[in-house]
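Look at the sequence and the structure first, then read on.

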Amino acid sequence: MVELEKEVLPLPPRYRFRDLLLGDWQADDRVQVEFYVNENTFKERLKLFFIKNQRSSLRVRLFNFFLKVLSCLLYILRVLLDDPREETEERSLIIWVNRPLPLWALQVLVAFISFSETMLLVYLSYKGNVWEQVLRIPFILEMISAVPFVITVILPTLRNLFIPVFLNCWLAKHALENMINDLHRAIQRTHSAMFNQVLILISTLVCLMFTCICGIQHLERAGNNLTLFDSLYFCVVTFSTVGFGDVTPQIWPSQLLVVIMICVALIVLPIQFEQLAFLWMERQKSGGNYSRYRAQTEKHVVLCVSCLKIDLLMDFLNEFFAHPRLQDYYVVILCPAEMDVQVRRVLHIPLWAQRVIYLQGSALKDQDLMRAKMDDAEACFILSNRFEVDRFAADHQTILRAWAVKDFAPNCPLYVQILKPENKFHVKFADHVVCEEEFKYAMLALNCVCPATSTLITLLIHSSRGQECGASSVDQWQRTYRRCSANEVHHIQLEESKFFGEYQGKSFTFASFHAHKKYGVCLIGVRRLDTSNILLNPGPCHIMSASDTCFYINISKEENSAFVRDHREPMRGPGGDPRGIPQTIYHGLTRLPVHSIIASMGTVAIDLHDSSDSSPEGQGPGGKTLGSGPGVRSGGRSEAGVANTLALPAMGESAEERRHSIAPVLELVDGVNSATFDLLGDQSEDEGGDEGKEEGIRDQKVPWWCGHCEWVKGYPLNSPYIGSSPALCHLLQEKMPFCCLRLDKACPHIPFEDARSYGFKNKLIIVSAESAGNGLYNFIVPLRAYYRPRKELNPIVLLLESIPEADFLEAICWFPMVFYTVGSIDNLDSLLRCGVTFADTMVVVDKESSMIAEEDYMADAKTIVNVQTLFRLFPALSIITELTHPANMRFMQFKVKDHYSLALSKLEKKERENGSNLVFMFRLPFAAGKVFSVSMLDTLLYQSFVKDYMISIARLLLGLDSMPGSGFLCVMKITEEDLWIRTYGRLYQKLCSSTGDIPIGIYRTEAQKLPVSESQVSITVEDYEDTREPREPLLCRSGPHRNSTSSEPPSSSSSHSSEHPLLRRKSMQWARRLSRKGGRGSGGAKGPGSTAERISQQRLTLFRRSERQELNSLVRTRMKHLGLSPTGFNGMTDQCNRLSYILINPSPDTRLELHDVVYLIRPDPLSAVPNQGGSRKPSGGRSEGHRFGSQDSTHL
């Protein structure tokens, strides 16, 4: 208590009770300081009101403008009330006028107010130099028009003195200019310089005409006594240089005024017009503004780019306006660079002139975003400049643009393209993001195991009606390829769909198979109503619900399809159902339903057969299975009919053997333990129980150098960048030391220095890149995904020009069989050290440093030449190349005298003339998936504006995202054992009933039938002549050539003898002739002309043989020099004339051919693991149909 009493201060001697309550009685040494005291003076307050404050200054200038206009109107009123006939002298008519007293009083009042305001502004604007204020033209004009009225108040005798009040029009013009400036400053908007200049020009013309009219009228009071209208007429005729001569000035003062006004007009007006023209040209360059009225009544999107190229512009416009519902949209391009000449020429085309608006400006300026009306835009596309020298700097610019747009228009949807994956997390807030390197490397990786994946994805994300020039081609493959390339991904809700509505409550595989069989559409995925995740092929355990969103592949969406049902009487025959149930089973090609889809201007007509029986094949009315495939012999008539229909005809002794058949697709699946489904049947050995593991160990012996590193399945521990999606992969239990990752150098752990010493079971995949960027991580992950069997994993070798960073090595050291070497693709020694002779695929990534070239399209020159060298040195190597410009695809594997390539070049020109979105689609390297351009991914971002699910589906297909329950993309190869299936529709049923896989397309390779030419003859001579080295048979001599929809059964006996028999016979004859040294020619070549021709032919053939052998000898010599064994190198193998192409969602009656590669979407094996039980030992009586799903479907 004592301490508390000491803390209480004593009360002052004088205090008030209010101070006691408020605490103001305590002692305080603080001093109150007032700021900006200088602004409290009277002058500063006046200056703040009249000049500094925008709104008050605007009001003052507006009042001044109306005051000057009022004085001009009073002058006109005085002229109309004047009667010059009262005066007789000429001088008095000019000096004195008749001014009524009320009018004089009004003019005096206006003049006094104007004079007072002018003097006040002069006082407030004074800065030490009074002459600067006095000699200003507005001040002089104000004194001339206002001071005489003030004098007439003092001297009433001067009340009728003439005062040139009409000069106030120039003061009104000056006040109008200042008022416009204050107006824009007050509303915080940058005014248009073009608007200001037009306003100045118009006001100058008006003031000039008004001054001349009033001056001529007043001076002619002593002459013709012209009225105001007569003076107006005279001025217009004079200034327009017409000069009728009916009205002319009579006295010299008026004539002098006309001369002065003409001189002033000749000086002032050209200057004004020149400034106006300059601003108009600048406006054309900058693009002006997007109308606010149009933004509120019409829909528009904004495209923000740092550098606009003509290819980028045309890709965007063609893809964006390919959708019917986007035809009324406007496209506003916001670019900081000046419009290119080619871009300007394209935007002048009437097709784009009314729909595309170019604005020169920056997305980082609110003024430019306001010009583009970004807050009213439906979407904003922000694209990175991939041609920038520093790609990180390009990404930084894109990030700032995205932030600026989001800050200015938070509700505007953002579609952002980023280059580097490590910068992706900065734009996570965007609605849709496409990372270029992520998609590029994942697509190139899948190209190694799933051929032509890049072409498959490119065709799916491009808009096409299948009406390209290939429709009129004589080649069957072009017509089929063209028709199937029109397939795209569409979506619809199941309860609103005619395609899938009848399959509500059925399994996903059942709905997919029957929809393809009945309508020709391929159901690939679904999305539940309560989630935003898309599931690709969720498997047979997924039951279709009415609220599910179905994603399917078809030429056109269901809303643009017309259904034409073909009613037919049910067939009753020996194979028919005795109960009279109409069969919906395939009865050969003539009994297949018609699936011809005709795309015409957005409407698709589908011819359908009557399928009144909704029960699946081989099932009774209750939906129970009547037979389980080949394990059930013909126990009943109905099942025997099915078996006879689906099986090949029995021949000879095999008639009594068990026939092939296809199990029906079940509507509902009781459990995954059913023998019908084996979702994990083709997985790696560690998922097949103990017995499967032992078998896997026997099949694949682990090398001694990695025996201590056991393989496990898990998620990578280290990711090279933030934002990478977690993916379950094959990993090493212990990470590899960094020294062991170097393939071409020995270390204390591994003494090997070349790929041959490692003893790899599978061939290598070599990736040639400039540096070890973080995007290469996305190349490794899809190739080490958990669903790929261990025995099928290929070793990966990264051929880098510089040693990778430690963080990148830390990320890849956990993956099995991933190595790197340091070298360049244009160095043969580097290629040989990295094991190119043992490689199956070589991936050549475009170098970032070569993307910039002085001449357009020359950025790919070095890459193309290096790949051509690889193609000549190692003809058996499969090379996948990335190019910067798609137009350079025609130079891949270039042949000068290839007549077929010339024909394809003409076809490409026709495609370009017809405005096709894919002019290069018929080029053989693109159709075969051997070349890829990253600019093709731009379409994926454009498609997302209409189809917001396209990026998610593409990421799932490429393995960039792994969604629980979602399937993955894989392939199976058709072997001779699988040809009994015959058609794609039967394969669809087989896959759905056995493994639950969903096929989406076919990759077909055919022998290219070319006319017999000189080059073919020489190659054939070389092949038959040089028999010292073993050689693989060429596909052109062994592979069959069939059309995709051919109805003839496959015949293997005629595949070797039916192709070019004359060519082969002639080649053998010429080879024998060349082997005879000094011998005579054949009997038919006796003349001197025929002898010279024969000798020249021999020289040409020997030259070509020597070139090939010289290249072969060069490679062998370098291998020996490097200490590498040349054993196994076969440089004479050539891929000959082969062409490959993709058939997306072909019709069910498409014939399967030998070596066809079928694209599959396989269900997620992990979704069925909990229900599998402890082990999955294969039974000895497994059906043949089950073998198809578990073994043959994994041929890669």
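A residue is called buried if its relative accessible area is under 20%, exposed if over 50%, and partly exposed in between, using a 1.4 Å probe and protein chains only. Helices (H or I, at least four residues) and strands (E, at least two) are DSSP runs, numbered from the N terminus. The model is predicted, and local features need pLDDT of at least 70, side-chain atom pairs count only at pLDDT 80 or more, and totals for chains, interfaces and linings use all residues. Residues are numbered from 1 along each chain as its sequence is written, and side-chain values use heavy atoms, with hydrogens and water left out.

**Covered elements**

Strand β10 covers residues 549-554, and six of its six residues are buried. Which residues of β10 lie on each side? T549, F551 and I553 are on one side, while C550, Y552 and N554 are on the other, and all are buried. Helix α20 (residues 453-461) is largely enclosed by the rest of the structure, because nine of its nine residues are buried. Among them are T453, L456 and I461.

**Strand pairs**

Two strands pair if DSSP finds at least two bridges between them.

| Strands | Direction | Bridges | Residues facing each other |
|---|---|---|---|
| β1 (300-304) and β2 (330-335) | parallel | five | H300 and Y330 |
| β7 (488-493) and β10 | antiparallel | six | H491 and F551 |
| β8 (522-527) and β10 | antiparallel | five | R527 and T549 |
| β23 (998-1007) and β25 (1157-1162) | antiparallel | five | Y1003 and V1157 |

**The parallel sheet**

Strands β1 and β2 belong to an open sheet of six strands, in the order β3-β2-β1-β4-β5-β6, with parallel pairing. Strands β3 (356-360) and β6 (432-435) stand at the edges; each has a single partner strand, so one side of each is without a neighbour in the sheet. Direction ignored, neighbouring strands of this sheet are turned by 15° against each other on average. Helix α18 (residues 391-408) packs on the sheet and touches β4 (379-382) and β5 (414-418). Here, contact means heavy atoms within 4.5 Å. The direction of α18 makes about 170° with that of β5. For such angles, axes are lines fitted to C-alpha atoms, for helices over the stretch in contact, and the angles run from 0 to 180 degrees between N-to-C directions.

**The antiparallel sheet**

Strands β23 and β25 are part of an open sheet of four strands with antiparallel pairing, in the order β22-β25-β23-β24. At its edges stand β22 (968-973) and β24 (1138-1144), each with a single partner strand, so one side of each is left without a neighbour in the sheet. From one strand to the next, the twist averages 25°. Helix α21 (residues 476-485) packs on this sheet, touching β23 and β24, and its direction makes about 30° with that of β24. Helix α34 (residues 984-994) also packs on the sheet, where it touches β22, β23 and β25; the angle between its direction and that of β23 is about 135°.

**Cysteines**

A disulfide is a covalent bond between the sulfur atoms of two cysteines. The search looks for a pair of cysteine sulfur atoms within 2.5 Å. How many disulfides does a search of the whole structure find? It finds zero. C448 is in no disulfide, and the nearest cysteine sulfur, that of C450, is 9.9 Å away. C448 counts as buried because its relative accessibility is 13%. C484 is buried as well, with a relative accessible area of 6%.
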